[in-house]
Amino acid sequence: MTDSVSSKLPQGPNRRRMHDPDNDLSDMVDTSYRAGLSELTGGLSPNALAQLYFNWMTHLSTLPGKRSELTQHAAHNMIDFGQYLARCALDVPAEGCVHPDARDRRFRYEGWEKFPFNVYKQGFLLTQQWWDDATTNVRGVTKANERAINFTARQFLDAMSPANFPLTNPEVLDKVRETKGHNFAEGAKNFQEDIRRYFFHEKPAVTEEFRVGRELAATPGKVVFRNHLIELIQYDAVTEKVHPEPILITPAWIMKYYILDLSPENSMVKYLTEQGFTVFMISWRNPGVEDADLGMNDYREQGPMAALDQVLEITSAEKVHGVGYCLGGTLLSIAAAAMARDGDDCLASLTLFAAQSDFTEAGELMLFISEAEVAFLEDMMWKNGYLDAAQMAGAFQLLRSSDLIWSRMQHEYLMGERPHGNDLMAWNADTTRMPYRMHSEYLRYLFLNNAFAAGHFEVGGRSVTPTDLRIPIFAVGTETDHVAPWKSVFKIDTLSRSEVTFVLTNGGHNAGVISEPGHPRRHFRVHTNPDSAPNVAPDEWLELAEMKQGSWWPEWSTWLSERSGTQCAPPKSGKSICDAPGTYVMME
């Protein structure tokens with residue numbers, strides 16, 4: 001490996017000691033201890049949390065004016081709450097002291113407006129409001145630390161919400177009366193089942209209803225190439241003529257590829273073949289301890305670059321439409337920039353779904369990323385040689401703990417209700433791992449140092465940046481994305497020297513992308529900024545963009561067609577290794 005990312009990290013037997021090539025005994029003891037500690041903390045660094053706390057506390061201790069303001073705020077809250085409590089006791093109609101955020105769904109049940117549950121709700125919301133004030137606008141605390149300490153305080157408060165306890169949740173108590181207490185019996189069964197599945201590493205029941213290769217990932221195709229990291233799937237043509245430029249999709253290695261080939265009614269792959277495109281898909285290997293040495297350069301070479309060579313050879317096409325999703329889009333952007341730098345013009349266009357090139361505003365995930373946290377993660381990965389899927393899932397759940405943790409516990413354990421399974425839930429439960437080296441490089445060079453956008457990321461001994469890109473770009477951001485916020489995704493418009501068509505669709509990181517035609521309550525905004533036009537800020541773009549109803553998929557299909565040649569007979573299929581969905585997607 002010749003890129004700078006690889007050259008700065010040790011090879012062979014030292015691959016687990018990236019921060020200590022000499023691998024001395026004292027450092028081994030420290031790493032072993034921290035690896036064990038990570039099992040107790042779920043991968044969150046106690047040092048990082050302590051640094052955040054003391055940074056906030058020491059700055060606050062030198063601000064008597066801020067502390068006085070907080071004291072007054074607490075006193076006003078106590079007076080307001082006392083008056084509200086008195087009106088409730090006298091059965092006098094009382095307006096709440098504070099209202100929950102419009103996105104907070106914990107207190108929407110009508111029972112929260114009745115005594116004493118309205119009092120519980122108001123007490124909690126006032127406390128939440130005070131802590132929000134206490135952890136923000138503290139002079140001397142950086143914005144990044146402020147967001148992190150505010151987020152941490154919110155996690156502790158969310159755990160203490162009255163919605164989480166049966167005696168203070170009116171919806172749970174109404175369920176008890178309705179079912180004569182059977183909801184607790186059902187909840188206990190659900191809890192027992194989840195515990196069993198966790199300790200025996202069993203998948204959720206929904207995966208038994210939605211099976212890969214049957215209900216999911218069922219679009220006909222063949223695996224036409226395989227190396228250690230990928231299987232390349234070529235999907236069968238369904239139209240008499242196709243566009244001469246095939247589509248190559250690079251999904252994120254953090255997830256199974258079939259998010260883009262779920263059920264037949266919402267499969268993006270099936271939709272594209274029906275629009276007259278030849279579609280190829282990368283299916284990533286689920287890595288194990290033997291893959292701990294694999295880095296980002298390996299993923300680039302054995303992933304999109306190897307697949308691109310095969311697509312060109314199989315189809316005899318001159319150009320290919322490159323498509324990348326999430327981390328796959330970031331990797332494909334790096335590969336495309338290196339190709340452009342070297343004069344390789346075989347890409348006709350680049351499409352990016354919720355993919356970031358600049359990580360300065362990479363959303364709430366950045367709350368976890370610091371030198372202390374990355375070092376702690378490296379020690380945690382040292383034990384197995386990879387980052388386990390359960391550890392990654394925990395971090396993502398924390399970003400929306402009130403929805404993904406506490407709300408789930410309320411409904412499944414307190415109310416005894418299991419949600420009806422669907423294909424997206426089954427896919428979400430089909431998790432993957434990430435190799436030690438690759439994940440460390442990704443965190444350090446992209447999240448911590450923002451090397452690609454800053455021009456410090458090297459491929460083949462020379463730097464690459466998004467400014468190397470000259471091909472048309474179609475980028476998609478989603479309105480409620482916690483993983484790749486749309487304003488961060490939008491930065492490709494200002495970083496590249498390309499014509500960029502940007503789409504902002506409703507939904508989140510996954511549901512916004514899986515937005516098939518006919519899906520109810522869908523809308524999107526779209527605007528194209530020519531490469532010669534001045535850059536615009538995200539808020540300016542919102543004013544320029546055209547609002548449209550429905551799915552954005554037809555908009556993208558038209559965009560691809562306009563940048564493709566005259567349709568012709570479908571190309572021959574590559575030599576079949578096995579039927580789709582292949583073998584790598586089945587790896588546990």
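**Cysteines, sheet and helix packing in the predicted model**

At 13% relative accessibility, Cys88 is classed as buried, where buried denotes under 20% relative accessible area, exposed over 50% and partly exposed the range in between (1.4 Å probe, protein chains only). The structure is a predicted model, in which local features need pLDDT of at least 70 and side-chain atom pairs count only at pLDDT 80 or more, whereas totals for chains, interfaces and linings use all residues. Residues are numbered from 1 along each chain as its sequence is written, and side-chain values use heavy atoms, with hydrogens and water left out.

The structure holds zero disulfides, a disulfide being a pair of cysteine sulfur atoms within 2.5 Å. For Cys88, the closest cysteine sulfur is that of Cys97, and the distance of 8.5 Å is too far for a bond. Cys568 likewise takes part in no disulfide, the nearest cysteine sulfur, in Cys346, being 18 Å away. Cys568 counts as partly exposed because its relative accessibility is 31%.

Secondary structure elements are DSSP runs numbered from the N terminus, with helices (H or I) of at least four residues and strands (E) of at least two. Eleven strands form an open sheet of mixed pairing, in the order β14-β13-β12-β11-β6-β5-β3-β4-β2-β1-β15; two strands pair if DSSP finds at least two bridges between them.

Contact means heavy atoms within 4.5 Å, and angles run from 0 to 180 degrees between N-to-C directions, with axes fitted to C-alpha atoms, for helices over the stretch in contact.

Strand β11 is largely enclosed by the rest of the structure, because six of its six residues are buried. Ile473, Ala475 and Gly477 lie on one side and Phe474, Val476 and Thr478 on the other, so that both faces are covered. Strand β11 runs parallel to β6, to which it is joined by four bridges, and parallel to β12, to which it is joined by six bridges. Val476 in β11 stands opposite Phe353, and its bridge partner in β12 is Val503.

Helices α13 (residues 371–384) and α17 (residues 436–448) pack at an angle of about 175°, with axes 10 Å apart. The two helices are therefore roughly antiparallel, the classes being roughly parallel under 35 degrees, roughly antiparallel over 145, roughly perpendicular from 65 to 115 and oblique for the rest. In this contact, Glu371, Val374, Ala375, Leu377, Glu378, Met381 and Trp382 of α13 meet Tyr436, His439, Ser440, Leu443, Arg444 and Leu448 of α17. By class, the contact comprises eight nonpolar, two polar and three charged residues, with Ala, Val, Leu, Ile, Met, Phe, Trp, Tyr, Cys and Pro taken as nonpolar, Asp, Glu, Lys and Arg as charged, and the others, Gly among them, as polar.
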